[in-house]
Amino acid sequence: MIRIGILGYGNLGRGIECAIKHTKDMKLVAVFTRRDPSTVKILTSDAKVENIENVLEYKDDIDVMILCGGSATDLPKQTPEYAKYFNVVDSFDTHANIPEHFEKVDDAAKASHHFGLISAGWDPGMFSLNRVYANAVLPTGADYTFWGKGVSQGHSDAIRRIEGVVDARQYTVPVEAALEAVRSGSNPELTTRQKHTRECYVVAKEGADKARIENEINTMPNYFADYDTTVHFISMEEMKKNHSKLPHGGFVIRTGKTGWDNENNHVIEYSLKLDSNPEFTASVIVAYSRAVYRMRKEGKIGAHTVFDVPPAYLLDMSAEEMRAHLL
Ligand code: NDP
């Protein structure tokens, strides 16, 4: 049994618990939280909930610690810190800062002889793998990524910070015409506005100036100003009934050419349609935790990404079974 710890218990932490339940080779030992443990209710009856301060007491009881904090402020500190004591996995998704994050985790994990896998999930994660395979197979070509339809937590939070807004949900939606242009192999150059639209559902305070709120959303730099955005004002009841889930997904497409004169076109497309972003992300992380356990057992240490993990290490199946059924 691979003994798992969860550090941080939000949407992703709960998703990890669900994913572990459906494995045969993993067991959840404990959940660690910065909050008062008595206020954090988990689903697994025989696992402990501990304050993060007690984490070192579990040094010899946990094979892989899964870090479920947020990428903005938690993981940049937590992953290098806990790589000193555990083999760790995170889903760090601030793409621009991945090289810096990697270096810090690598230093900590090498010094303490642990294995750290960073940025596992779907993007980064499964999407990244698909970009690598597609670039290797079609070196002459172009890459495209579309996201959605799905909830963007960051954009939803940005709307919630506007004066007069009680709650908000923002969906990122890929533009169908842009997707079709890419799939045709015509290698279109697409602007930000041509690739995605943004749909916002907003619950406003009673008596709030809706025209001002809508204008503040539409003109918000970095978040909405460069997109065609629609704003719908709805009731709290409708928000709870129709917008309480966290769906997401997207498309990674590479179009490329082969032949002596590049006369033949090819399209590689990988797509995800996810009812629950955190549960799917958690399922990817749990598969990679199995690989972390196996690679550490082989003596490997330091930071790694999904690019460094052999696919066979992800599955709870023998090499013979895999060759017979999946090859
Ligand atoms: P949450 O905001 O739900 O949880 C983040 C942390 O906040 C938790 O670890 C928890 O820490 C704390 N927390 C959670 N609920 C509460 C609460 N009610 N009150 C106080 N604190 C709370 O984030 P998610 O789980 O949704 O996402 C985590 C990260 O996963 C994201 O930041 C994102 O970077 C990453 N991600 C990566 C993806 C990928 O494809 N690579 C895809 C999706 C997400 P504690 O228990 O210590 O209080």
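Q: How far does a backbone N or O atom of Leu12 lie from an oxygen atom of the ligand?

A: First, the basis: this is a predicted model, in which local features need pLDDT of at least 70, side-chain atom pairs count only at pLDDT 80 or more, and totals for chains, interfaces and linings use all residues. Residues are numbered from 1 along each chain as its sequence is written, and side-chain values use heavy atoms, with hydrogens and water left out. A polar contact is a pair of N or O atoms within 3.5 Å. Here the backbone atom of Leu12 lies 2.7 Å from a ligand oxygen.

Q: Which distances do polar side-chain atoms of Arg35 and Ser71 keep from an oxygen atom of the ligand?

A: For Arg35 the distance is 2.9 Å, and for Ser71 it is 2.4 Å. The protein covers 71% of the 920 Å² of accessible area that the ligand has on its own, with areas taken from the Shrake-Rupley method and a 1.4 Å probe.

Q: How many residues surround the ligand, and how do they divide by class?

A: A residue counts if one of its heavy atoms lies within 4 Å of the molecule. By this rule 23 residues surround the ligand, and Leu12, Thr33, Ser71, Asp93 and Trp122 are the closest. The classes are nonpolar (Ala, Val, Leu, Ile, Met, Phe, Trp, Tyr, Cys and Pro), charged (Asp, Glu, Lys and Arg) and polar (the others, Gly among them). The shell holds 6 nonpolar, 12 polar and 5 charged residues.

Q: What volume does the largest pocket have, and which residues are closest to its centre?

A: On a 1 Å grid over the protein atoms alone, a pocket is an open set of points where a 1.4 Å probe fits, with protein on both sides within 12 Å along at least five of seven lines; lining residues have an atom within 4 Å of a point. The volume, the space filled by probe spheres set on the points, is about 1400 Å³. Among the 38 lining residues, Asp93, Asp123, Gln153, Gly154 and Asn277 are closest to the centre.

Q: Which element gives the most to this lining?

A: Helices (H or I, at least four residues) and strands (E, at least two) are DSSP runs, numbered from the N terminus. The helix α5 gives the most to the lining of the largest pocket, with 4 residues.

Q: Where is there a cis peptide bond, and which residue has a positive phi of about 60°?

A: Most residues other than glycine have a negative phi, and most peptide bonds are trans. The bond from Asp123 to Pro124 is cis, with omega near 5°, and Pro124 lies in the loop between β6 (115-117) and α4 (126-137). The bond from Gly148 to Lys149 is also cis, with omega near 0°. His113, which is not a glycine, has a positive phi of about 60°.

Conventions. Polar contact = N/O pair within 3.5 Å; in protein donor to acceptor, adjacent residues only side chain to side chain.
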